[in-house]
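This report goes through one structure step by step, from the contact between its chains to single residues. Keep the structure open while reading.

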2 protein chains.
Amino acid sequence: MEKLGDLVSRRVGDIPVSAIHEMTRLSATMSDVAFLSWARPEGNTPEFINEAAIKAIKDNKVSAYSPVPGLLELREAIVEKLKRDNNIDATPAEIIVTNGAIEGLTAAVMAVVDPGDEVLLPSPNYSTHTIQVQLASAVPVFVPTIEEEGFRPDLDAFRRAVTPKTKAILFCSPCNPTGSVFSKEELLGLAEIAEEHNLAIITDEAYEYFTFDGAEHFSLASIPELKKRTISCFTFTKTYVMTGWRVGYVVATEEMIEQIRKAHIPMTICTPVVSQYAALAALKGPQDCVTEFREKYLHLRNLMCQRLDELNPVFSYQRPKGSYNMFPKIIVEEGRDSLSLCKDLLFKAKVSVVPGVAFGPTGEGHIRMSFCTNAEDINKAFDRMGEYFSAKGYL
Amino acid sequence: MEKLGDLVSRRVGDIPVSAIHEMTRLSATMSDVAFLSWARPEGNTPEFINEAAIKAIKDNKVSAYSPVPGLLELREAIVEKLKRDNNIDATPAEIIVTNGAIEGLTAAVMAVVDPGDEVLLPSPNYSTHTIQVQLASAVPVFVPTIEEEGFRPDLDAFRRAVTPKTKAILFCSPCNPTGSVFSKEELLGLAEIAEEHNLAIITDEAYEYFTFDGAEHFSLASIPELKKRTISCFTFTKTYVMTGWRVGYVVATEEMIEQIRKAHIPMTICTPVVSQYAALAALKGPQDCVTEFREKYLHLRNLMCQRLDELNPVFSYQRPKGSYNMFPKIIVEEGRDSLSLCKDLLFKAKVSVVPGVAFGPTGEGHIRMSFCTNAEDINKAFDRMGEYFSAKGYL
């Protein structure tokens, strides 16, 4: 029994316990915390979506498995949405409905990456992308973004990072945690590298509808020649306040979907059917909520930036052009690690933010703040941080 | 672009397209088929479970993520169930709620197996277990069961199959597809081998409540010393006619659960919350439905065996002691492959059964029939098979 630790695989053993979960655990020990750490939308799923789910339950439509790739009716509605909003031509056979974007991304990584292969990730990046690569026993290769230019991708650095073992580029835009939105030109630059080296492109487009200041979300799969090597992952969860329903989808060529399907089955067999009916309603119903959420987040982003300006000696920041996250840089206490600052803010100021160390090698020295909350909580958190940093003599 | 096939990983490329899905696809081209091929319970989720899910939606409890391991209230109810029905002592921290047993099994395999490691599987076995091992870039090592003794595990063969690369034993009992129920002694024999060679034991206990003729389901995790190396996967989907809800759970030591959690996050973040509330209701509500389903399946098993007796020159079979599947052996047309027989039965007799080739190397030469349907469909299917085999001169 003394060798029990040997039972754990290196693939998971090498994944550090997430600093995010450490903070979540610590936050649960405190009361009256002002949370800027939840990258999930405040509020509830719109009523018309709930009603459709209830109707599907009452009609006994959700007891049994759906087809593995999802309800045909839902995939047909997704086809329409992809054409309308992403300019992507797809057929139902090119879609698998997944447990949020996250499962689609994991299935995509499994479908293109073997042990020891390398996957290029921008840094800072969404921490679960790193875990997805590690779970595949593959090697995450981080390519620093250019922070002072809004965390934009450094195409030259991407190109230099390619080796014979590189199999894929994986990124999200709009980006969690930085709020950057890769421009069409930048995305085409990444695609060019992928074409040159025959790499797969795996996109996380979870925040597609949340862009600001004229930034536009662009889907590489809208370019027919690129669709062949692009696996695009979307979700309903951010757009319609449906994080608890766990429903998204992956789009790729029919040939690639056949492979992704093999990874999808052991992860879930099919996405929960009640959630699929909720998703169907989301697509078929009024889309006003999407516009409302975007406007709400724009307002809250502006508030957060304004409040950050007041903390100017403590943080510098890049104004997010998308998502509902931002990634201020700590510019006091040089070398101060993000986790200890976050713990101090939690225990001494009752403010919960996420340590940047969770987001790749260039994440350290930053904290993530999410503005998918409300003005009151944002103001409360910043009032408290103002007092805390004033007391330290920084303001 | 000519190298696009290179984009596919070996791990999924090496997984054959399932014969089960081939049959499903072909069945969809036909009308008026008598299905014995669906290993999902007929009928609908009990009303009290639906009602609880609807209430949770109306109460706005399902919009947002639950904690990663699942709702605490649900894990507490699972703790009680494990004690009551499985004699397993567990705490909520030793449980993760998963997307059916299937996701728990995949997460468990990822948590203990590295590329190139070997996993022992009885043969015939549930085909997705093989895929789970392949998805981990590990090697499935099949250990034939003793068919003429009810597909019981061959402990000597298991012992001989162990190599320095063996990391785990993975099986389901009651078994899909064979209907065998491993006895306590057989399970302890497997555990002894695991102890000798420091292997993990991963159990799929999806059919725990469906045992017949005095066979008893036994959980290895009920033995405290074995709990340390045992990862037990359960599901609500078979017990409560909830396949579409995708909810189950995995039980292991807290140390191991911390590792499994790292694989669980990228597969789903959390199990859909609406399904978790449905599962909570299932555990808290009247359990009459479980007894009713078992009695129904016993009745249908008896019917299926009786009808199989009439086809005696064509099939021999082992009377299933559990699950709702059986695995008759084709004893006419020596060397006839199971897929072509299944296609003939589909196209010429309008009966859908599953080719044994899908269930491991000793599965060929068999077909799987599931009796989680109704007497009318079973009779219709056997009437048709009777005519078909009579016309061929076998009866």
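## How the two chains meet

The two copies meet through the same surface, because 100% of the interface residues of chain B are also interface residues in chain A. The structure is a predicted model. In it, 63 residues of chain B are in contact with 63 residues of chain A. Several helices of chain B each supply at least two residues of the side that touches chain A: α1 (10-13), α3 (47-58), α5 (100-112), α6 (127-135), α10 (254-268) and α11 (273-284). Sorted by class, that side of chain B has 32 nonpolar, 20 polar and 11 charged residues.

How can chain B be laid on chain A? A turn of 180° with a shift of 0.0 Å along the axis does this, and the RMSD is 0.0 Å. This is the relation of a two-fold axis.

## Chain A as a whole

Chain A has 14 helices and 14 strands. Its C-alpha trace spans about 60 × 55 × 50 Å along the principal axes. A compact globule of 395 residues would have a radius of gyration near 21 Å, and the 21 Å of chain A agrees with that.

Of the 395 residues of chain A, 55% count as buried. Consider also the contacts in chain A between residues at least 6 apart in sequence: 74% of them join residues at least 24 apart.

## The nonpolar core

In soluble globular proteins, nonpolar side chains tend to be buried together. Here the largest nonpolar core has 250 residues. The residues with the most contacts inside this core are Ala108(A), Ala278(A), Ala108(B) and Ala278(B).

Which residues does Ala108(B) touch, not counting those up to four places away in sequence? They are Ile202(B), Ile231(B), Cys233(B), Val250(B) and Ile260(B).

## Thr128 of chain B

Is Thr128(B) buried or exposed? Thr128(B) has 22 other C-beta atoms within 10 Å, so this residue is buried; the cut-off is 20 or more. The C-alpha atoms of Thr128(B) and Ile367(B) are separated by 17 Å, and the two residues are 239 residues apart along the chain.

## Strands and their partners

Strands of a sheet pair through backbone hydrogen bonds, either parallel or antiparallel. In chain A, three strands form an open sheet in the order β10-β14-β13, with antiparallel pairing. β10 (325-326) and β13 (354-355) of chain A stand at the edges with a single partner strand each, so one side of each has no neighbour in the sheet. β13(A) is joined by two bridges to β14 (residues 367-370) of chain A. Within β14(A), Arg368(A) is the bridge partner of Val354(A).

In chain B, strand β2 (residues 95-98) runs antiparallel to strand β8 (residues 248-251), and four bridges join them. Tyr249(B) in β8(B) is the bridge partner of Val97(B). From β2 of chain B, Ile95(B) and Val97(B) point one way, while Ile96(B) and Thr98(B) point the other way; all are buried.

Most residues other than glycine have a negative phi, and most peptide bonds are trans. The bond joining Ser173(A) and Pro174(A) is cis, with omega about -10°. Pro174(A) lies in the loop between β5 (166-172) and α8 (184-197) of chain A. In chain B, the peptide bond from Ser173(B) to Pro174(B) is cis, with omega near -10°.

Two residues of chain A have a positive phi without being glycine: for Asp213(A) phi is near 60°, and for Arg246(A) phi is near 55°. Asp213(A) belongs to the loop between β6 (200-204) and α9 (224-227), and Arg246(A) to the loop between β7 (230-235) and β8 (248-251). Asp213(A) is exposed, because 11 other C-beta atoms lie within 10 Å. Arg246(A), with 30 C-beta neighbours inside 10 Å, counts as buried.

How values were computed
Residues numbered from 1 in each chain as written. Chains lettered and ligands numbered in written order. Predicted model: local features only at pLDDT ≥ 70, side-chain atom pairs only at ≥ 80, totals over all residues. Pairing = 2+ DSSP bridges. Contact = placed C-beta atoms within 7 Å. Nonpolar A, V, L, I, M, F, W, Y, C, P; charged D, E, K, R; others polar. Least-squares fit on C-alpha atoms with pLDDT ≥ 70 in both. Core = buried A, V, L, I, M, F, W, Y, C linked by C-beta atoms within 7 Å. Buried ≥ 20, exposed ≤ 12 C-beta atoms within 10 Å, placed from the backbone. Rg over C-alpha atoms; globule rule 2.2 N^0.38 Å.
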